[in-house]
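Please look over the structure below, and then follow the questions and answers, which take up some of its charged pairs, one of its helices and some of its strands.

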Amino acid sequence: MSAYDKHVAALRRLATGDDIAVIVTELAWIARHFHGGWYYEGPRIAGALDALPDDRRARLATALVDRLEAGEPPDADGDADAEALPTLVAMLLRRFGPAVAVNDIRRLLDHAIGRWTWWLADEFAELCQVVYETDKTLPGEVVAVLRRTEVTGYGPTGLVRQLLQRVRDPLLNPGEAWSDRVLTELPALGDGWPELVAHAVTATSARPSDRWERQARALLDRVGADRYRKTALTWLAQVGRPRTVRILARTHEQDFSQAYDPYNATALRGFIWLLTLAADGADTDVARELGRLVETSLRKVPGIGPRNPKVANAAVHALARLDGEPALAQLARLTARVTYKGTLKELNKALDQRATDLGLSRAEVEELAVPTYGLTGTGRRIETFGEITAELVVDGGVVALHWRNAAGRPVRTVPAVVRREHPEQLRELKATTKDVEKMLAAQAERLDRQFLAQRRWRYAAWRARYLDHPLVGTLGRRLIWLVDGVPCGYADGALRTVDDVPVTAADDTEVTIWHPIGRDLAEVLGWRDWLERHAVVQPFKQAHREVYLLTAAEERTGVYSNRFAAHVLRQHQFHALAAVRGWRNRLRLMVDDEYPPATRELPEWGLRAEYWVEGTGDDYDTDATDTGTYLRLVTDQVRFYPLGAPENSAHAGGGGYAQWLPAGGEPAGPLPLEQIPPLVFSEVMRDVDLFVGVASVGNDPTWQDGGPEGRYREYWQSYGFGELSATAETRRDLLTRLVPRLAVADRCQLAGRFLVVRGDLRTYKIHLGSGNILMSPNDEYLCIVPQQSATAGNGQLFLPFEGDRMLGVILSKALLLARDTEITDPTIVSQIRHR
């Protein structure tokens with residue numbers, strides 16, 4: 001007989017006695033150590049107590065609810081399940097029936113408020129019904145649990161559905177900041193508003209039907225479209241804020257506290273649809289809020305993924321319906337920023353349709369969609385508030401507001417008179433500043449993708465869209481272009497060659513973006529000098545961009561590259577980077593399933609690139625998240641296929657990739673690497689180098705022990721101090737110019753793969769790829785975990801491009817270690833002074 005069976009038998013014996021406390025202890029043990037199967041074993045457990053008379057059942061019910069209210073302490077084995085005891089208690093209270101005091105059921109329902117769903121749905125609904133019949137109402141938070149259980153719960157929910165057909169209040173589930181605000185304000189809004197909210201809850205389809213819209217328009221006429229617009233914007237602004245009712249975390253369960261309530265999400269979709277009917281296409285506030293909703297709703301939650309793509313897609317649909325520049329600008333910005341495949345598909349569809357309607361190409365629409373945001377000149381906007389002046393300045397990748405008082409002197413903060421007398425104007429200026437920041441980042445990413453887009457412009461259109469545009473010009477003027485085949489950059493008010501000769505061109509002259517591949521080394525080095533001479537900081541690497549040419553090893557392998565094989569990557573970081581760079585990838589779970597490789601499709605070239613990866617590790621506790629996702633991947637080959645070739649797949653944990661073909665399908669082999677255009681090969685390999693350089697466990701300073709059970713110690717050592725990648729080689733070349741300008745230049749020198757720094761206590765070798773540090777004597781490892789905001793010399797040193805965080809980390813460590821006697825961090829000091 002198992003220990004579990006012994007405890008059930010003990011329950012039967014105890015049911016004939018009067019020791020309620022011991023029964024509670026036995027039930028708590030069963031709840032802790034019994035995992036699942038309540039539908040089958042639950043009746044046997046409850047049946048063991050059938051011998052209890054009604055008075056003892058009532059006392060046991062009260063004692064069990066008391067136990068719940070006191071909270072379950074964690075047991076020694078760590079096997080406690082936060083859901084198990086409440087489920088068992090609810091099951092018993094239902095079985096005990098009329099013997100249970102209604103107040104005890106009320107207390108159980110109070111305990112249920114923190115649940116996302118209830119495991120035994122119909123049993124829970126029966127208890128709710130007892131309270132509802134007595135009180136003629138249910139707490140809103142309990143109704144929320146019932147609704148979430150019906151939408152996302154497990155098992156039969158027929159009784160839940162029947163009860164919810166009777167319980168209509170509250171109109172929305174409380175517990176979210178935005179829904180709480182709606183429920184609070186609704187009584188004072190007047191006639192028609194409850195009906196409007198109730199109509200929003202019926203937005204259950206992907207698109208509004210004609211009938212739904214007719215009813216919506218009638219309701220908007222009743223409450224006032226403009227009044228709804230203003231009110232709804234204040235409600236929607238609360239979406240995404242922390243929940244007001246905390247969700248209790250369960251073992252191995254997703255973090256529902258960050259998810260959208262699924263019942264409320266349907267209402268959100270309805271509110272968004274209503275907003276498109278109440279606003280016009282020129283409404284900047286509405287377009288801005290819809291864009292924010294897309295990003296907020298796609299923010300990822302561990303174990304869940306995007307918080308709510310349904311709401312994000314509804315906002316995209318709304319933007320597509322608003323026929324105005326603000327909505328088009330949001331669509332263009334989001335297309336450059338969104339990585340979630342489903343929503344990106346909707347965004348692409350919306351922009352393609354807008355291009356068709358305008359008779360333009362998709363690329364032209366994306367270029368023309370960028371607003372000026374009131375900027376005059378390039379990167380400047382002056383706003384007056386009475387005698388106070390604010391200047392919005394775009395300087396490189398930084399957007400800032402600078403204030404001057406009535407006397408014209410700079411002030412650090414917003415003057416009080418502006419806050420007091422011009423609150424709406426100030427709000428709009430701050431909102432515009434945030435819009436500019438978001439659009440600037442999106443346009444930088446779009447421009448970085450132009451290398452593979454094969455985009456060509458006529459000079460007049462290019463100049464208007466990229467050189468003289470008030471916002472995009474702040475990026476375009478920091479890049480190198482080919483004007484009629486002549487490389488040129490912008491400096492001192494004009495386009496200039498590398499020798500600073502002014503460049504002029506006719507309106508129909510062809511312009512393309514310059515890439516270092518295929519250019520003479522002298523030309524590349526010349527442009528690097530030019531950027532430095534004119535203090536131009538590029539928005540991403542262009543003159544310093546890494547170039548990847550076929551190696552002898554790749555010529556021998558022929559159809560695949562092993563250049564970035566055998567690396568160990570943090571899966572979630574790799575997955576995020578892949579999405580940003582336009583790769584399609586799926587998170588691998590520790591399950592018996594097949595997965596395609598990470599893939600980047602290149603339709604302009606008719607090609608598809610694949611990076612073969614697989615999950616590594618077989619220990620669920622150390623190699624996977626609570627939801628079963630591999631923490632780490634190992635890497636293999638890079639291959640190229642025709643765009644329409646059948647896709648490869650492999651088991652999540654490895655075993656080799658193969659093409660699964662439909663009946664009669666023909667396999668397609670990889671293309672010879674020598675047939676891949678050099679630009680395509682270089683850019684794809686640059687992406688893969690980025691994945692490895694950022695996501696490798698080898699650049700984690702805390703992994704000197706090799707991670708779980710030391711399995712990756714050899715890899716960490718070889719990567720953390722081994723040969724430099726192309727990115728690290730570029731970093732080394734740049735450091736040869738930067739190090740002599742450091743304040744501690746006399747203490748620093750480059751030696752092979754390292755920046756060597758001489759302190760007063762020790763000498764340090766900083767690896768140029770990983771940023772890991774070895775100390776003299778004996779190359780002892782020094783662990784310094786950089787801050788997320790680490791910058792290159794605290795912004796005091798000129799860098800010719802943005803985006804290389806590791807370069808900033810290396811320089812920050814050099815400045816720190818050169819003055820090692822001044823270090824106060826005890827974790828660093830203890831390592832340096834330990835001998």
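Q: Which residue forms a salt bridge with K765?
A: In this predicted model, local features need pLDDT of at least 70 and side-chain atom pairs count only at pLDDT 80 or more, while totals for chains, interfaces and linings use all residues. Residues are numbered from 1 along each chain as its sequence is written, and side-chain values use heavy atoms, with hydrogens and water left out. A salt bridge here is a side-chain nitrogen of Lys or Arg within 4 Å of a carboxyl oxygen of Asp or Glu. With its closest N and O atoms 3.4 Å apart, the pair meets that limit, and the partner of K765 is D779.

Q: How many residues apart in sequence are the parts that K765 and D779 tie together?
A: Helices (H or I, at least four residues) and strands (E, at least two) are DSSP runs, numbered from the N terminus. K765 lies in strand 21 (residues 763-767), whereas D779 is in the loop between strand 22 (773-775) and strand 23 (780-782), so the parts that the pair ties together are separated in sequence by 14 residues.

Q: Is R545, which meets E683 in a salt bridge, buried or exposed?
A: The side chains of R545 and E683 meet at 2.9 Å, N to O, and the pair links distant parts of the chain, 138 residues apart. Buried means under 20% relative accessible area, exposed over 50% and partly exposed in between, with a 1.4 Å probe and protein chains only. E683 has a relative accessible area of 2% and is buried; R545, at 2% relative accessibility, likewise counts as buried.

Q: What is the relative accessible area of E723, which forms a salt bridge with R753?
A: The closest N and O atoms of E723 and R753 are 3.3 Å apart. E723 lies in the loop between helix 30 (713-721) and helix 31 (726-738), and R753 in the loop between strand 19 (748-751) and strand 20 (754-758), so the pair ties together parts that are 30 residues apart in sequence. R753 counts as partly exposed at 28%, whereas E723 is exposed, with a value of 67%.

Q: Why is helix 17 largely enclosed by the rest of the structure?
A: The buried residues of helix 17 pack against helix 15 (284-297), helix 16 (309-321), helix 18 (341-358), helix 19 (362-368) and helix 21 (423-448), where contact means heavy atoms within 4.5 Å. Among those buried residues are P326, Q330 and R333. Helix 17 is largely enclosed because, of its 13 residues, the number buried is eleven.

Q: In strand 4, which residue is the bridge partner of I382?
A: Strand 3 (residues 380-385) has a covered face, made of R381, E383 and F385, and an uncovered one that includes I382. Two strands pair if DSSP finds at least two bridges between them, and six bridges join strand 3 to strand 4 (residues 388-395), the two running antiparallel. The two strands form a hairpin with two residues between them, and G386 in the turn has a positive phi of about 70 degrees. Across this pairing, the bridge partner of I382 is E391.

Q: Which strands stand at the edges of the open sheet of three strands?
A: The order of this sheet is 13-17-18, with antiparallel pairing. Each edge strand has a single partner strand, so one side of each is left without a neighbour in the sheet, and the edges are strand 13 (594-595) and strand 18 (658-659).
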